Amino acid sequence: MSAKSAKGAGKKAAGAKGNGTNESGKNPRDYPRIRSALPGPRGLAIIARDEAWTSSCYIKEYPLVIERGEGVMVEDADGNRFLDFMAGIAVSTTGYGHPVVVKAVQDAAAKFLHICGSDFYYESMAVLAERLAKLAPGSSPKKVFLSNSGTEAVEGAIKLARYATRRTAIIAFKGAFHGRTTGAISLTSSKARQHAGFGPLLPDVHHVPYGYCFRCEYGRTFPSCNLFCVDAIERDLLSRHLDPRDVAAIFVEPILGEGGYVVPPAGWLAALRALCDKHGILLVFDEIQSGVGRTGKMFAAEHDDVEPDIVLVAKGLASGMPIGAMIAKASVSTWKSGAHGSTFGGNPVCCAAALATLDLVEGGLMKNAVAMGTRMMDGLRAIAARHENVGDVRGRGLMIGVDFVRDRATREPHPDLSSAVELAAFRRGLLVLSCGKSTIRIAPPLVIDAQDVDVGLGLFEEAIAEAEASA
Ligand SMILES: *Cc1c(COP(=O)(O)O)cnc(C)c1O
């Protein structure tokens, strides 16, 4: 089946249904509100035009055609309003159209849209670099490189790790997502179709099991396993066919994102740190999805108090403006002038949006992520208790995964059900996004309040009930 016809099937499946208000009728807000077929006539016309002209590689999870947004509300081209529990893949940190961010963008745009930050100076680039260097986990002095995207931050880290160590091999994790450029997809291992047809990729990349206790590849149980999976890196890989003196870096997401919103067990990141220290390997934390306050701390690594050698951020950093950052220990960032660069990286309008976003995150949104994350987690656990097919609810702050299983005993993933839940939620006016094999990620803008959490949870449970009934 081609990508296009798969998209078509998804759209048909969405159909038109529900009025988007919660059944209790207690929601006084003017969203969610579904009043046309999904998609409606304007949406359909836009989709037809898009499909005629855009590349066939796009996924298009479901037929949402956005026209504008405000806070946690997204309005489509036909006036339907949705409650957003996915923030455009954990990007819209401050919600849609936050006045502080919009003003920062407008002011910066009015001054100058561009001057190449690799060649010249401007204040916002210096200020953002200083701020990120000081925010990054650990007390070592840091140096910052600004990119346009997460993938480019990963590429920069691959290059810097090789340059700084003069070693070539890289260790990454099964289920990891590090991006789509040729270097970054070599580290990515979440779905085979992301690799198919693109080889040969970067040589000397080795994938090992993540600390995924709910589905342990070694069949062990935490904590009696004593972090068997970390020992296995040494025992099965480094002592057999990969000399640790050839390994430049271990790349790891402190919380697995695309791979299923998996929180590793306590002590796992610290054990990786110890393994790296033993062999002079650099530890790179890809916090492109987990960073910038989403987990209730600026970086997810802070929950475990581990300092990486390089940390990467992007997605949520500028509320949707494209920017990424590679923050490296100064002792690692030894490359010479001209070794790396970018025409647009650290664009002044994006820097302004990032600074405004950081102000808001530090000024209360991170705290809100803790409070609303707890409320969300409690609600989701209560839902899990009522629905057999919810096998696991896990996460930190407002980065929560709901893992659907065919059977609680076997924990076999149930991708048909998670897809059905995603569509049933959409029809009710709730935006969620799947990840991993059969997990729904709950990652709303950090501005969400208790009422929207409760309304969204109500719709989510209705969607689960509908999907279970038809499964
Ligand atoms: C999204 C993502 C990337 C890639 O970022 P892009 O901005 O899409 O290039 C890399 N790593 C992680 C953990 C991500 O979630």
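This is a predicted model: local features need pLDDT of at least 70, side-chain atom pairs count only at pLDDT 80 or more; totals for chains, interfaces and linings use all residues.
**Domains and their interface**

The protein splits into domain 1 (3-97 + 364-470) and domain 2 (115-346). The table lists values for the pair.

| Domain 1 and domain 2 | Value |
|---|---|
| Distance between C-alpha centres | 28 Å |
| Buried area between them | about 2600 Å² |
| Share of buried area on carbon and sulfur atoms | 57% |
| Salt bridges across the interface | three |
| Residue pairs in polar contact (both at pLDDT 80 or more) | 13 |

Several elements build the side of domain 1 that touches domain 2. α3 (87-90), α10, β11 (390-396), β12 (399-404) and β15 (439-442) each supply at least two residues there. In all, 37 residues of domain 1 contact 30 residues of domain 2. A salt bridge joins the side chains of D403 and R215, with N to O at 2.8 Å.

**Nonpolar cores**

The largest nonpolar core holds 99 residues. Within this core, W268, L380, I442 and F460 touch the most other members. Helix α10 (residues 348-386) is the top contributor, giving 19 residues.

W268 has contacts well beyond its sequence neighbours. Setting aside those within four places in sequence, W268 is in contact with F173, P209, Y210, G211, L227, C229, V230 and V252.

A second core is separate and has 25 residues. Its members include A153, I170, L282 and L312.

Key
Residues are numbered from 1 along each chain as its sequence is written. Side-chain values use heavy atoms; hydrogens and water are left out. A nonpolar core is a set of buried Ala, Val, Leu, Ile, Met, Phe, Trp, Tyr and Cys residues joined through side-chain atoms within 4.5 Å. Buried means under 20% relative accessible area, exposed over 50%, partly exposed in between (1.4 Å probe, protein chains only). Helices (H or I, at least four residues) and strands (E, at least two) are DSSP runs, numbered from the N terminus. Contact means heavy atoms within 4.5 Å. Domain bounds come from an automatic or database domain assignment. Buried area is the accessible area (1.4 Å probe) that two parts lose on being put together, summed over both. A salt bridge is a side-chain nitrogen of Lys or Arg within 4 Å of a carboxyl oxygen of Asp or Glu. A polar contact is a pair of N or O atoms within 3.5 Å; within protein, one must be able to donate a hydrogen and the other to accept it, and residues adjacent in sequence count only if both atoms are side-chain atoms.
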